[in-house]
Amino acid sequence: MRILLTNDDGIEAEGLRYLVDFAKTLGEVCVFAPKLQQSAKSHSIEIHSAYEVKRSDIFGDVEAYSVNSTPADCVRVAILGMKKKFDLVISGVNNGPNLGGDIHYSGTVAACFEGAMLGVKSLAFSAAFNSFGNAVKNLGRAYEEILRRGLWERADIVNVNFPEEGEEMLVTRMGPAIYSDSFVIENDMATPCLVCLYRGTRDLSLDTDAVMTGHISLTPLGYDLTNFSALTPAERKIG
Ligand code: MN
């Protein structure tokens, strides 16, 4: 199996080192990772200017490239630019969760959307902030659980989040946003203030609640953003 790895925290990110070690146990690994921190850059891509794609020996004998652009561009330049073939894209291990509404901002998950758009099954791994221990310990278990449940037969992307502690695995759906978005406006400057909103609910069908209560969350995601519940049965059948 040929595996493309990326990480929105950059090529020097701690979580990427853990991911390289894990992915080497699964198959042939190639890394395309951003040169710089790209968290919360979502699915942004560069279409106007050239950017640096430079071979790196940071992972020893593992083929690796430092890309001076976004995580989505890492996937694009590997597959579309350098014509490499992959059976799986893995993004992470992110420093911090990618849950609920935050998935829309996630550079980690966006790399997986790009993989899916280019026809490759994808997997996002995210750990608790500055706490990789539980994630690293359970990467293999989560991967095996995805296979055992056949999630990639039904979804192109699986978004996995690890709590700081706790090993029980749940298949979930996207929960609500877990941060408030407020700003301090002063002296012609806007300073964003992120405050965690999670209030300790316990709906374990939601990724947010599952992880906040100490479970490993596996959420199947899809490229198609159509709101199927907004379509009447007749509309769904058109085409
Ligand atoms: Mn990140």
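The points that follow take up the sheet, the helix on it, the cores, the metal site and the cysteines.

1. The coordinates come from a predicted model, and the remarks below should be read accordingly.

2. The sheet. Nine strands make up an open sheet with mixed pairing, in the order β3-β4-β2-β1-β5-β6-β7-β11-β8. Its edges are β3 and β8 (169-171), each of which pairs on one side only. On average, neighbouring strands of this sheet are turned by 20 degrees against each other, direction ignored.

3. The β5 and β6 pair. Strand β5 (residues 88-95) runs parallel to β6, and six bridges join the two. Within this pairing, isoleucine 90 has leucine 123 of β6 as its bridge partner. Helix α3 (residues 107-117) packs on the sheet, where it touches β1, β5, β6, β7 (157-161) and β11 (216-221). The direction of helix α3 makes about 175 degrees with that of β6.

4. Strand β11 and its partners. β7 and β11 run antiparallel and are joined by five bridges; here asparagine 159 stands opposite threonine 219 in β11. With β8, strand β11 pairs in the parallel sense over three bridges, and methionine 169 has isoleucine 216 of β11 as its bridge partner. Strand β11 is largely enclosed by the rest of the structure, because five of its six residues are buried.

5. Serine 122. This residue belongs to strand β6 (residues 121-127). Is serine 122 buried or exposed? Serine 122 counts as buried because its relative accessibility is 0%. Residues up to four places away in sequence aside, serine 122 touches Leu88, Val89, Cys112, Gly115, Ala116, Trp152, Asp156, Ile157 and Val158.

6. Nonpolar cores. The largest nonpolar core comprises 35 residues, and those with the most contacts inside it are Leu5, Leu16, Val31, Leu123, Phe125 and Val160. Another core lies apart from it and has 14 residues, among them Cys30, Tyr65, Ala78 and Val120. As for leucine 5, its contacts beyond four places in sequence are Leu16, Leu19, Val20, Ala23, Val29, Cys30, Val31, Phe32 and Ile90.

7. The metal site. Which residues coordinate the manganese ion? They are Asp8 (OD), Asp9 (OD), Ser39 (OG) and Asn94 (OD1), at 2.1 to 2.2 Å. Along the sequence these donor residues follow the spacing D-D-x29-S-x54-N.

8. Serine 39, at 30% relative accessibility, counts as partly exposed. The reasoning rests on the cut-offs: buried means under 20%, exposed over 50%, and partly exposed in between.

9. Cysteines. How many disulfides does the structure hold? It holds zero disulfides. Cysteine 30 is in no disulfide, and the nearest cysteine sulfur, that of cysteine 74, is 11 Å away. Cysteine 30 counts as buried because its relative accessibility is 5%, whereas cysteine 193, at 24%, counts as partly exposed.

Technical notes:
Residues are numbered from 1 along each chain as its sequence is written. This is a predicted model: local features need pLDDT of at least 70, side-chain atom pairs count only at pLDDT 80 or more; totals for chains, interfaces and linings use all residues. Side-chain values use heavy atoms; hydrogens and water are left out. Donors are N, O and S atoms within 2.8 Å of the metal (3.2 Å for Na, K and Ca); water is not among the atoms, so sites may look incomplete. Buried means under 20% relative accessible area, exposed over 50%, partly exposed in between (1.4 Å probe, protein chains only). Helices (H or I, at least four residues) and strands (E, at least two) are DSSP runs, numbered from the N terminus. Contact means heavy atoms within 4.5 Å. A disulfide is a pair of cysteine sulfur atoms within 2.5 Å. A nonpolar core is a set of buried Ala, Val, Leu, Ile, Met, Phe, Trp, Tyr and Cys residues joined through side-chain atoms within 4.5 Å. Two strands pair if DSSP finds at least two bridges between them. Axes are lines fitted to C-alpha atoms, for helices over the stretch in contact, and angles run from 0 to 180 degrees between N-to-C directions.
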